[in-house]
Amino acid sequence: MSKYVLAWAKDEKIREKGRFGGFITSLLKFMLEKNIVDYVLTVKKGENFKYTPILTSNPEEVVECSGYIIYATPNIAKLAMNVKDKIAVVCKPCDARAIIELAKRNQIDIENIFMIGLECYGTFLPMTLEKILKNLKIQKEDIKNIEIVKDELSVFIKNGDTIKTKLEELEKMGLSIRENCKRCEFIIPRMCDLACGRSTEDKTTFVEICSKKGEKIIKKALEHNIVELKGVNEAEIKAKEEEEKFAVDMAKKWQNYYFKNESLEERRDFWFGMFNRCIKCYACRDVCPICYCIDCILNPWRPLIEGGKVPPSPSFHITRIIHVAESCVNCGQCQDVCPVEIPISRIMHKLNKDVQEKWGYIPGISLDDKPPTLR
Ligand code: SF4
Ligand code: SF4
Ligand code: SF4
């Protein structure tokens, strides 16, 4: 089977509902119905652009989850850790990378997981998207879909109109995608079994088959007449490569901006100033998919950090950085939850880039590549 295929659901209702032809939905439904997996872990759309993770064994519930995501969702890896059954997980590249890092630390049995990756061009916090729509005078109930295409946000309206805005314009109004997403260069989730994204053809998913498991499940779905496939022509592959290159170049530009070459003193003053704001709520630690110790050394009953004192000693942050930096997947969850708006993912990502440069280790790409401290 070729590495790339265009795919869509055989079931017309599922095809119609899905932005890209319902391929993922029909595959998940099939996997549950045939007991190939016990559960599907995905996210379900809620009110006001908030997405809730769900673990379901109900094929019909999977159909309800169909849709394209450009809103921040909780990192799915943390939830996958607690499931011991066979599951299919729908994940963004940062979720998938975290799953792989957890598997390397024996926190997830990767044999039990089938990963369906969604290409990702960035996500918005729900309140940012609310403000954007207010500015554009768009009613939520009129929206069919929202997507980022290159440097534009496109809002597809149910009446057939499309409203486009340059991301640069939104940036000027302080309405950008999440900071970590701006720096993210992992657009296509090739670390998954299948990497799925938009195609130039309507109601069709561009699928990159990334593992033997991925190939096997597609063949099975074809045998059972669940999906339809066709080959991908050169122009389609070129369009995908160009889209990816555009996004990676943008990410590098933002990395240069956020990781600017300041003096040691400037960096120290900035970060220690930030750490002084900390109210030691532990939210950044608790949400981080890479932090998994049951009795964390930062707990108040451990000797490292003095209990009942805020801001905590800088050791609190330095310890987290030392523990996480080599495997930080830049998912941005720590920054999203910080009540005092410390841009934590920025320092974690920067130090991870330094680890990448020094030890040539890129987290979350391959199970065979061990982090420097596990070598
Ligand atoms: S960090 Fe990357 S993969 Fe994760 S949501 Fe942002 S753009 Fe998508
Ligand atoms: S440190 Fe922050 S950005 Fe890095 S993996 Fe943990 S939560 Fe994600
Ligand atoms: S989330 Fe923010 S305030 Fe809470 S412990 Fe982390 S850095 Fe401190």
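What follows is a chat about the labels put on this structure and the cut-offs behind them.

Mentor: Ground rules first: this is a predicted model, where local features need pLDDT of at least 70, side-chain atom pairs count only at pLDDT 80 or more, and totals for chains, interfaces and linings use all residues. Residues are numbered from 1 along each chain as its sequence is written, and chains are lettered from A and ligands numbered from 1 in the order in which they are written.

Trainee: What makes the protein as compact as a globular protein of its length?

Mentor: Start with the inventory: 15 helices and 11 strands, where helices (H or I, at least four residues) and strands (E, at least two) are DSSP runs numbered from the N terminus. The radius of gyration, taken over C-alpha atoms, is set against the globule rule, 2.2 Å times the number of residues to the power 0.38. For 375 residues the rule gives 21 Å and the protein has 21 Å, so the label holds. The C-alpha trace spans about 60 × 45 × 35 Å along its principal axes.

Trainee: How do you know how much of the chain is buried?

Mentor: Count C-beta atoms, placed from the backbone: 20 or more others within 10 Å of a residue's own is buried, 12 or fewer is exposed, and in between is partly exposed. By that count 38% of the 375 residues are buried. As for contacts (C-beta atoms, placed from the backbone, within 7 Å), residues 24 or more positions apart account for 66% of those with a separation of 6 or more.

Trainee: Why is Lys-137 called exposed?

Mentor: Lys-137 has 7 C-beta neighbours inside 10 Å, so it falls in the exposed class. Lys-280, with 17 other C-beta atoms within 10 Å, comes out as partly exposed.

Trainee: What makes the phi of Lys-137 worth a remark?

Mentor: Most residues other than glycine have a negative phi, and most peptide bonds are trans. Phi of Lys-137 is near 60°, a positive value in a non-glycine, and the residue sits in the loop between helix 6 (126-135) and strand 6. Lys-280 has a positive phi too, about 50°, in the loop between helix 11 (264-275) and helix 12. On the peptide side, the bond from Val-310 to Pro-311 is cis, with omega near -10°; Pro-311 lies in the loop between helix 12 (283-287) and helix 13 (315-324).

Trainee: Why are strand 6 and strand 8 called edges?

Mentor: Strands pair if DSSP finds at least two bridges between them. The open sheet in question has 3 strands in the order 6-7-8, with antiparallel pairing. Strand 6 (143-149) and strand 8 (162-166) each have a single partner strand, so one side of each is left without a neighbour in the sheet. Twist there averages 15° from one strand to the next, with angles taken from 0 to 180 degrees between N-to-C directions of axes, which are lines fitted to C-alpha atoms, for helices over the stretch in contact.

Trainee: How do you know that strand 6 and strand 7 pair?

Mentor: Strand 6 and strand 7 (residues 152-157) are joined by 6 bridges, against a required two. In strand 7, Phe-156 is the bridge partner of Asn-145.

Trainee: And what is the order of the open sheet of 8 strands?

Mentor: That one reads 3-2-4-5-9-10-1-11, with mixed pairing. Strand 3 (51-56) and strand 11 (227-230) are the edge strands, each pairing on one side only. Strand 4 (residues 87-91) and strand 5 (residues 113-118) pair in the parallel sense over 5 bridges.

Key
Two residues are in contact if their C-beta atoms, placed from the backbone, lie within 7 Å.
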